[in-house]
Amino acid sequence: MSAITLNDLINNLKIYNSEEIDIVTKAYFFAEHYHQGQYRQSGEPYITHPLNVAYTLSLMHADRDTIIAGLLHDLLEDTKVTKEEIEHEFNPTIAKLVLGVTKISKQIIESKDERNYANTRKLIMGISSDVRIIIIKLADRLHNMRTLEYKTISKQIENARETMEIFVPIAHLIGAYELKTELEDISFYYLNPKEYDKYFKERKTIQDNSEMLTKELLIKMERLLKDRKVPFAIKVKIKNIYGIYKSCLNGASLMSIHDLLALEIMVETVRDCYKTLGLLHQNYHSIDYDFRDYISLPKANMYQSLHTSVIAPSNRVIQARIRTFEMDKIAKFGLIAYWDKLKGDAKDAMQLDLENKFPFFRELAEIDSDSTSNEDFVNQVKGKLFSDKVTVYNSNGESIELPLGTTALQYIYYTWGDIGNSLVGVMINNKTSSFDSILKNGDTIKVLTDALSFSDKSSVLIKK
Ligand code: MN
């Protein structure tokens, strides 16, 4: 993919918000001016980063203030621009959004860990005043993850872990499925390259065969819907790499994953959804226990669809998901789809939905007032949000929570930083183990270094 330019952003705006092109262009040059002389680790001028963030937001049809805040999002953190200047040049809402994604400076909190906790708390609490803050942050994180190859290994792992623990669950919570699955796969790539590679290849094979596997079903459904004059669109969907990995971890064989390969059928009305379901069940055997009606009972994150698994020719089980075109937008973007539906004027509707539909957000204020320390706050929130985790112990018996699928080597990078040459080996539950071992709940891990065998002293010696 070639690099995103200002023109690409403008072209997106033309689709849904052409009146705002001038002010967005002004914001771009404002940001470019102040980031002058700053570069990304990739060697590109810094402005490419905020531009990519704004571009992602424009794909979501974000409102003007959000797009502009995306362009300006790193100015308060990295340049001499002040909040007052942004207010003056643009407006107070944009200044507030930028402030919402700005990290607390080193001058205010010196300790890196403490600063991280404080930043996460600030970000999460920001959601309750304006959900757009977290959407900008998700777009920011997405671009940072896409360009993570330029960072050091320990930074890659730190970011991948944080993404899995905080940003993936938040994306899931607001129903932003496309964002969630991409963030998941990139994080998985850095946390467990070997397994990633394995499942990447498996998925590729399925992808290559998917046409063959779904062809009959696809053609027949197309014909049936055309005959009945139901306007529709059909596409074949394959589960993401981390999703496949997770299903296999639970003991499933690849081919038995019921939603590995899905046929997504979009129609205009709810009535047509049920009609399509009927057609499908008349023509194929369905598997009873796999039927779900998320149209009459939507998921907490607003997702709606009919799910059914049918036995396609050659005995393949294929999931069909039937939904309206509007439900499809929500399936991809969740809450973010409101921007499109309400033509930009969606902030209040998003905010209201968050408070009404997601118990988590109502609990936030309580967690906030209960938590005396930032660390406590972050741990409570993580516990509520994040379910894909394992708890392991270090040789001092202290528990550490890690994303599911973390290897011994990633654990070492995460807890010790880059210890490079002094690393000799690792023991899991008192057995010498390979660095590729995937950690399980309850494992106790000892790291062997050449400093002082594998005693706890060595960890004291080396750990910064
Ligand atoms: Mn940024």
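**Entry 1: second largest pocket**

I sorted the lining of the second largest pocket by class and got 20 nonpolar, twelve polar and 17 charged residues. For this, Ala, Val, Leu, Ile, Met, Phe, Trp, Tyr, Cys and Pro count as nonpolar, Asp, Glu, Lys and Arg as charged, and the others, Gly among them, as polar. The model is predicted, so I noted that local features need pLDDT of at least 70 and side-chain atom pairs pLDDT 80 or more, while totals for chains, interfaces and linings use all residues. Residues are numbered from 1 along each chain as its sequence is written, and side-chain values use heavy atoms, with hydrogens and water left out.

The lining has 49 residues, and His172, Tyr177, Lys180, Lys299 and Asn301 lie nearest the centre of the pocket. A pocket here is an open set of points on a 1 Å grid over the protein atoms alone, where a 1.4 Å probe fits, with protein on both sides within 12 Å along at least five of seven lines; lining residues have an atom within 4 Å of a point. I read its space as about 1,200 Å³. Helix H10 (residues 153-173) gives the largest share of the lining, five residues.

**Entry 2: manganese site**

I listed the donors of the manganese ion: His49 (NE2), His73 (NE2), Asp74 (OD) and Asp140 (OD), at 2.2 to 2.5 Å. Donors are N, O and S atoms within 2.8 Å of the metal (3.2 Å for Na, K and Ca); water is not among the atoms, so sites may look incomplete. The spacing of the donor residues in sequence is H-x23-H-D-x65-D. Asp74, in the loop between helix H4 (64-72) and helix H5 (75-78), and Asp140, in helix H9 (residues 132-146), are 66 residues apart and link distant parts of the chain.

**Entry 3: strand E5**

I checked strand E5 (residues 316-324) and found eight of its nine residues buried. Strands are DSSP runs of E with at least two residues, helices runs of H or I with at least four, numbered from the N terminus. Two strands pair if DSSP finds at least two bridges between them. E5 runs parallel to strand E2 (residues 261-267), joined by six bridges, and Leu263 stands opposite Ala320. With strand E4 (residues 306-312) E5 pairs in the antiparallel sense over seven bridges, and there Ile311 faces Val317. In the hairpin of E4 and E5, Ser314 takes a positive phi near 65°.

Methods
Grid points are joined across faces, edges and corners, and a volume is the space filled by probe spheres set on the points. Buried means under 20% relative accessible area, exposed over 50%, partly exposed in between (1.4 Å probe, protein chains only).
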